[in-house]
Amino acid sequence: YPLFLHAHDGKIPITSMPGCFRHDCKSLFEEIEAARQVGVNAVVLFPAIDDNLKTAEAEEAWNPNGLIPQTIKALKDKWPDLVVLTDVALDPYSSAGHDGLVDENGYVINDETVEALCKQALCQAAAGADIISPSDMMDGRVGAIRSALDQDSYTNVGILSYTAKYASAFYGPFREALDSAPRGGTKESYQMDPANSREALRELELDISEGADMVMVKPAGPYLDIIRRFREQTELPVAAYQVSGEYAMLKAASANGWLDEKKVVLESLTAIRRAGADMILTYFARQVGEWLNTSA
């Protein structure tokens with residue numbers, strides 16, 4: 001269940017994602033309590049960071065007193081059995097808005113970024129994260145993070161890799177929610193070409209060899225063929241992320257009376273599951289839990 005956080009008081013509606021909010025600590029706990037009541041017990045945390053904390057080196061990403069580490073600790077104190085997943089990428093913390101560090105020419109630099117991502121992952125693991133989810137698409141980051149976690153005795157912390165993360169047009173509402181759009185250039189130099197399916201299999205092979213525990217395809221709906229190819233190529237759990245644009249489309253069409261929301265949401269999730277996904281990240285998680293509990 002992807003959830004957005006911010007450090008201020010109150011929850012803030014996200015205009016392009018009806019029913020979704022930036023949560024403060026109080027509303028986050030209320031949301032998770034309601035989700036747990038209908039059987040949703042795994043959450044993915046995404047931070048909206050104040051601009052004055054964003055820097056070229058993104059140091060806030062591994063601040064132990066930062067928003068994400070402190071939230072993880074609070075959640076695990078209240079619900080030790082809650083499965084907490086975290087996002088490993090620098091774009092919420094970077095003044096450039098990119099998933100990696102940027103050089104003076106505006107290019108994302110891979111190896112220096114991987115070092116920063118390891119610091120971020122260790123900070124999250126120390127706070128109590130159960131699963132680390134690198135979404136940055138840097139080369140070699142899964143192996144480096146696995147090595148860093150093991151060296152610091154976080155051998156039981158899993159890695160859910162964003163293995164095939166496409167340079168998709170469906171991320172718009174998410175970037176609005178976190179104010180994490182790049183300030184210059186695009187993410188096409190490190191995210192994957194939507195027209196290229198074979199590259200996904202190469203990325204899958206690399207992530208498996210580097211020690212990923214789970215692999216993910218993002219977005220889900222437009223890439224059902226990639227989910228199926230992953231399912232056929234690996235015995236690892238396959239995840240799929242029904243992203244903000246997919247959610248917003250279904251919400252908008254349903255609000256206009258063009259679609260039956262419950263039916264199309266369940267159909268879309270069934271399609272993702274049928275394609276081969278073992279787990280689905282979706283903003284509909286709590287809503288679907290309520291529907292399924294009501295029908296039961």
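Leaving aside neighbours within four places in sequence, His-98 is in contact with Leu-90, Asp-91, Val-108, Pro-182, Gly-184, Gly-185, Thr-186, Lys-187 and Tyr-190. This residue belongs to a predicted model, in which His-98 lies in the loop between β5 and α3. His-98 counts as buried because its relative accessible area is 4%, and buried means under 20%.

**Overall form**

- The protein chain has a radius of gyration of 18 Å, which agrees with the value near 19 Å that a compact globule of 296 residues would have.
- Taken along the principal axes, the box filled by the C-alpha atoms of the protein chain is roughly 50 × 45 × 40 Å.
- Of the 296 residues, 53% count as buried, while the accessible surface of the chain comes to about 12,900 Å², with 50% of that surface belonging to carbon and sulfur atoms.
- When contacts between residues at least 6 apart in sequence are considered, 73% of them join residues that are at least 24 apart.

**The sheet and the helices packed on it**

- An open sheet is formed by 10 strands in the order β2-β3-β1-β4-β5-β6-β7-β8-β9-β10, and the pairing within this sheet is mixed.
- The edge strands of the sheet are β2 (12–13) and β10 (279–282), each of which pairs on one side only.
- Strand β8 (residues 214–218) and strand β9 (residues 238–242) run parallel and are joined by 3 bridges; in β9, Ala-239 is the bridge partner of Met-216.
- Helix α4 (residues 141–151) packs on the sheet, where it touches β5 (83–88), β6 (131–134) and β7 (158–165), and the direction of this helix makes about 170° with that of β7.
- Helix α7 (residues 224–233) also packs on the sheet, touching β7, β8 and β9, and its direction makes about 160° with that of β8.

**The largest nonpolar core**

- The largest nonpolar core has 92 residues, and those touching the most other members are Phe-4, Leu-75, Ile-145, Ile-227, Phe-230 and Tyr-241.
- Helix α3 (residues 110–127) gives the most to this core, contributing 7 residues.
- If residues up to four places away in sequence are not counted, Ile-145 touches Val-88, Leu-117, Cys-118, Ala-121, Ile-132, Pro-134 and Ile-159.

- Asp-150 lies in helix α4, and it counts as partly exposed because its relative accessibility is 35%, between the limits of 20% and 50%.
- Asp-150 and Leu-122 are 28 residues apart in sequence, and their C-alpha atoms are 9.9 Å apart in space.

**Backbone features to look for**

- Most residues other than glycine have a negative phi, and most peptide bonds are trans.
- Met-137, although it is not a glycine, has a positive phi of about 70°; it is found in the loop between β6 and α4, and it is buried, with a relative accessible area of 5%.
- Ser-153 likewise has a positive phi of about 70° without being a glycine, and it is found in the loop between α4 and β7.
- Ser-153 counts as exposed because its relative accessible area is 62%, and exposed means over 50%.
- The peptide bond from Lys-218 to Pro-219 is cis, with omega near -5°, and Pro-219 is found in the loop between β8 and α7.

Terms used: Residues numbered from 1 in each chain as written. Predicted model: local features only at pLDDT ≥ 70, side-chain atom pairs only at ≥ 80, totals over all residues. Heavy atoms only, no water. Core = buried A, V, L, I, M, F, W, Y, C linked by side-chain atoms within 4.5 Å. Buried < 20%, exposed > 50% of the residue type's maximum accessible area, 1.4 Å probe, protein only. Helix = DSSP H or I, 4+ residues; strand = E, 2+ residues; numbered from the N terminus. Contact = heavy atoms within 4.5 Å. Pairing = 2+ DSSP bridges. Axes fitted to C-alpha atoms, helices over the stretch in contact; angles between N-to-C directions. Rg over C-alpha atoms; globule rule 2.2 N^0.38 Å. Areas by Shrake-Rupley, 256 points an atom, 1.4 Å probe, with all protein chains shown as cover.
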